[in-house]
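This report concerns the structure shown below.

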Amino acid sequence: MKLVRKTQLRAQDATSEQHDEVALFELQRDQAARYTVVVRRYYRGAILKETQKTQEPVDLARAEKVFDSVVVAKVNQGNVVPDRTARATEHRPVNLGRRIMLEKNPAHRARQIWRLPPEKDPDMAFMVAGYLGHDVWRHDYSLLWTLGRIGSSQNIAMIRPYLRHSHPVLAGLALEVILSLTEPEAREQSYLAITGQSERLEPDLLREEVRAFCALSRSAAAEQPINDLLKQAYLQALFDPALRQALLALLPDIPLCPGAFKGMRYLLKMSEFRLDADFYAVLNLRVENRKAFFIRDWQYHYTPEAGRMHVQEELASEKARLAYSQKTRHYLMTRCWRTLRQLGAMGSAYYTVMAESLLLGYCDTEHGLPVAKSPILNAIIRTQDPRYQKNARGIWRECPDVSFAGRGEAFPHLWDQAPSSLVNIATHSRCEAVSDFAIRALSDSHEACQSLPRATLIALALKPYFAAQQFALEWLAVDVAREPLTSEELFTLLSSDVAAVNEFALAQLSLKRDLRSDTPLLASLLCVNSAPFHHWLSSESARSALAYLDQNRLLDDCLSCFIATDLSQHQHLPDVFAWLQQTCGSAFARLTLAQIEPLLRSGCPAKLWLGCKCLDVMPIRYSDIRPDILDIIHSAASEEIRAFSIVLLKKLTPDDLASRLDTLLALLTQSAPPAQEAILAVLTVSIQSRPNQREHLFEQVLQLLHRRKLDQRLQQQLAEFLRQQFDRALQQNHQDALWLLATARSELVQSEAVIYLEAGAARALSGDQWFRLLSSPTAGLRALAQAYFERDPDALRTHPDGLLPVLESAWADTQAFGFTFCEQQMQREDWPAEQIIAVCDSVETEVQLFGRGLLERYFEAADGQHYLLHLSQHPSPLVEDFVSALLPDYAAGNEAMILALRPYFLSVLSRVNTGRQAKDRVLQFLSEQAASTPQIRDMVCALLTRLSLTSVHKDKAAYLKLMMHLTQAHEAVDLPARIRMRPVRQPAERKE
């Protein structure tokens, strides 16, 4: 909503604090009916009532008629349209003077005098001076306060007796009033005469005293106060500008603690008296931004340092150990807004001056209080905004359900009279809420916006606040329509990190069809880390504008800018140099070492990097580069810059470069990443200059990748180097290269082999090599090996190592391939007994089960004893159980076989709580074969003797039973068990 017209009307009674305002607004819409008329009633700067005189938006002609009719109606009702410049001095004082004269109550009269506007009025001052001499000192305090503002040097004689007043507050105010009424050139002499001092306080002494006080502890500060020092400094600040600036600079560092708070409070009140906006803003913000020194809820207060203190008595002491409570803090913040409100209600221009200084003190990041908790800030900019309400805790909350399109600040008519203050706030404020307020107020004044200088608009566009940016860009668009932006202005806008500002500046830059005369601007912009500008350089409009540039001039300007500019932000320099090399490629050929030497000797890493890049591109021989330049590069702190000492080796003669290849290859694995890139670049140049070096380099790089597991970055670089320089050799598998890559220690390098093998180089490997690749850690190589054997199954069937390594592979896909291959490609004749036994002997359970299935499927009686003898050596319980089933058919009656199976019998019978079926079969077999031959019987007895001593009770019973059977059947057996006959006792004869 934009303000088009506004008229203020006041009642004929100048004492009334109520006035009306009629305003015509333009709504943000494209229709012709977009105007509305609003009447607002104000009381003491706050809106009491707002009335819409147009129920619906109307066109401009209708809105102006309604506006004029409302103003006429208000005038007919007795309101007047006052002259803003004369209102405060002509109407109000005359009526107030009459009210003061008619007031009989001294307290009420003193209050009315206190509220007089702070403007010189000799007649009113004469009348006020006549009321001096009251018994209550507070009444005279109000009169002296007002006399100091509205009086002149003629009133000093009536004030001078108060210098000896018994009340120190009144005497101190009298000194302030006399000095303020004294002519500026006579103030120093008057001060020295009244105080009896012989010399002034020097700024250096003030700084020394304040810094010494700030270094004291809290208890020591109370014993060594600086209250009188601060009062003296502020009095002398009336005639000593240097002392004033020194005191103003020290205020943010002086703590609000005992020993200093009384002086700070004196400065706060006297800055209000003097309407000293600078001191008033700093001191009030200090109070608002700090918590109370202590909480005063009781008559006494306790601190660990001072113990129990009577609050009232302690505060009255000259060396008080308490500063200020939460009540004092609340009073001072309330008084600040009350003072501003009174100035605004009077229509005084001092309101905007004081409020401007306060608002400029707020900052989004440095100010301690959030905006919602700052009572002074919100009172100034949101008093009339119905969207914001202050809750019981004093926090201003936004009501999301309330819509408001107005400005909302207190006393908007005073801000309308001070557009320079609004511009200053909008330009220098570091608080977004304050900046937005100033922008809203400025937007209502079309004339003020049109008169804004371009420098101000640019400053607003560069602020980090959206409202300021949009406002500035809107009016900049109007301004540049009359006069294009200069190169300096374009550079300032493009240096911003605000996207909208960059877009606007680039649009203006694109309007230039020829940039031949703007090479200094382009050079300056290339030094700035502006991503939008670097993107614009590749656009079609930029290419057409840069088509006829003088390349030599542009490169010279860029070098000059690089030398003169601070390049601490250098992330964009690689892209800048790449663009320069593309745009000014031929200009680099004319560069000399003297032109880039300032960059090399600057000491700035970014400039040194640029100098090295220029040195690399220049057509200069290595022997022409001085040793001191090479020392600068080699001793740089940056690894990236030190790498140029290797890059520059490209400028050696081909023979000299060839003699250093082995050294460079040895350094490759020991260097930092930038140096590694440089070495590979030098190797590339060497291959191009000396083709006979290709064979040697190819072999060395292959062996390096094959034998060592390098870091991943270097592996990628070497792989890329091989693809670029030796692609044809890899395709032809020269020097068995693919096998070396496929069996390298790194999977990344192995993946390079996959690329070429997939491309049709599979025939380059033998069947044995493909067999080994079935166990490769790289899935791609395993898949290629499996595909190879699917195409040529005979190669795998006839492989001397057999299929067992495939079936036992650690890779699930290879193992699954092996099982599938055996099922689909292997027949009975492909499974000799030895290979089946090898499968059954596997330690892998799944392979064992597969081998057992093969055995059951392809078992032949002729091989039974062979299977029995070899499988009996397997430790698996499953295989042992399978072997136990073969015993009756292939071991019975065969003494040699049975004796050879002794380890098998011992293994089966020694198992604990497992292999029950195998145990039962073995015991049954041994009991049947024990009597076959003496050798078998002795073996069985030895087994039973050992097992009876170590087995569990459940198995021991079966062993003992067999032992008893052997003992009864064969008396000569040597067993630890014997049958002992139980003695039978004869029954005793019965006694008769």
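## Aromatic pairs

In this predicted model, Phe261 and Tyr324 are both buried. Across the whole structure, 23 aromatic pairs are found. One of these joins Trp145 and Phe273 in an edge-to-face arrangement, with 5.3 Å from centre to centre and 65° between the planes. Trp145 belongs to helix H5 (residues 137-150) and Phe273 to helix H13 (residues 261-274), so that pair links parts of the chain 128 residues apart, given that helices are taken as DSSP runs. Trp145 and Phe273 are both buried.

Phe261 is in helix H13, while Tyr324 is in the loop between helix H15 (311-316) and helix H16 (326-346); the two residues are 63 apart and the pair links distant parts of the chain. Trp145 and Phe273 also take part in a cluster, in which ring pairs connect them with Trp114, Trp137 and Tyr141.

## Charges over rings

Two arginines are placed over tyrosine rings. The charged end of Arg274 sits over the ring of Tyr234, at 3.6 Å from its centre. Arg308 lies over the face of Tyr300, and the distance to the ring centre is 3.7 Å.

## Cysteines

How many disulfides does a search of the whole structure find? The search finds zero. Cys214 is in no disulfide, and the nearest cysteine sulfur, that of Cys257, is 7.8 Å away.

Cys214 is partly exposed, with a relative accessible area of 32%. Cys822 has a relative accessibility of 4% and counts as buried, because the cut-off for buried is under 20%.

## Positive phi values

Most residues other than glycine have a negative phi. Leu275 has a positive phi, near 55°. Leu275 is placed in the loop between H13 and helix H14 (277-289), and it counts as buried at 11% relative accessibility.

Phe411 is not a glycine either, yet its phi is positive at about 55°. Phe411 lies in the loop between strand S9 (396-398) and helix H19 (412-416). With a relative accessible area of 2%, Phe411 is buried.

## Overall form

The chain contains 59 helices and nine strands. Its radius of gyration is 51 Å, well over the 30 Å that the globule rule gives for 992 residues, so the chain is more spread out than a compact globule. Along the principal axes, the C-alpha trace spans about 150 × 125 × 70 Å.

Of the 992 residues in the chain, 49% are buried. Among contacts between residues at least 6 apart in sequence, 64% join residues at least 24 apart.

## Confidence of the prediction

The average pLDDT of the chain is 84, and 93% of the residues score at least 70. Where in the chain is confidence lowest, and where is it highest? The lowest confidence is in helix H2 (residues 84-102), with a mean of 55, and the highest is in helix H12 (residues 241-250), at 95.

Over residues 83-94, pLDDT stays under 50. For residues 83-94, the model has 21 contacts beyond four places in sequence.

Terms used:
Residues numbered from 1 in each chain as written. Predicted model: local features only at pLDDT ≥ 70, side-chain atom pairs only at ≥ 80, totals over all residues. Heavy atoms only, no water. Phe/Tyr/Trp six-rings, centres within 6.5 Å; stacked < 30°, edge-to-face > 60°. Helix = DSSP H or I, 4+ residues; strand = E, 2+ residues; numbered from the N terminus. Buried < 20%, exposed > 50% of the residue type's maximum accessible area, 1.4 Å probe, protein only. Lys NZ or Arg CZ within 6 Å of the ring centre and 35° of its normal. Disulfide = S-S within 2.5 Å. pLDDT = per-residue confidence, 0-100. Contact = heavy atoms within 4.5 Å. Rg over C-alpha atoms; globule rule 2.2 N^0.38 Å.
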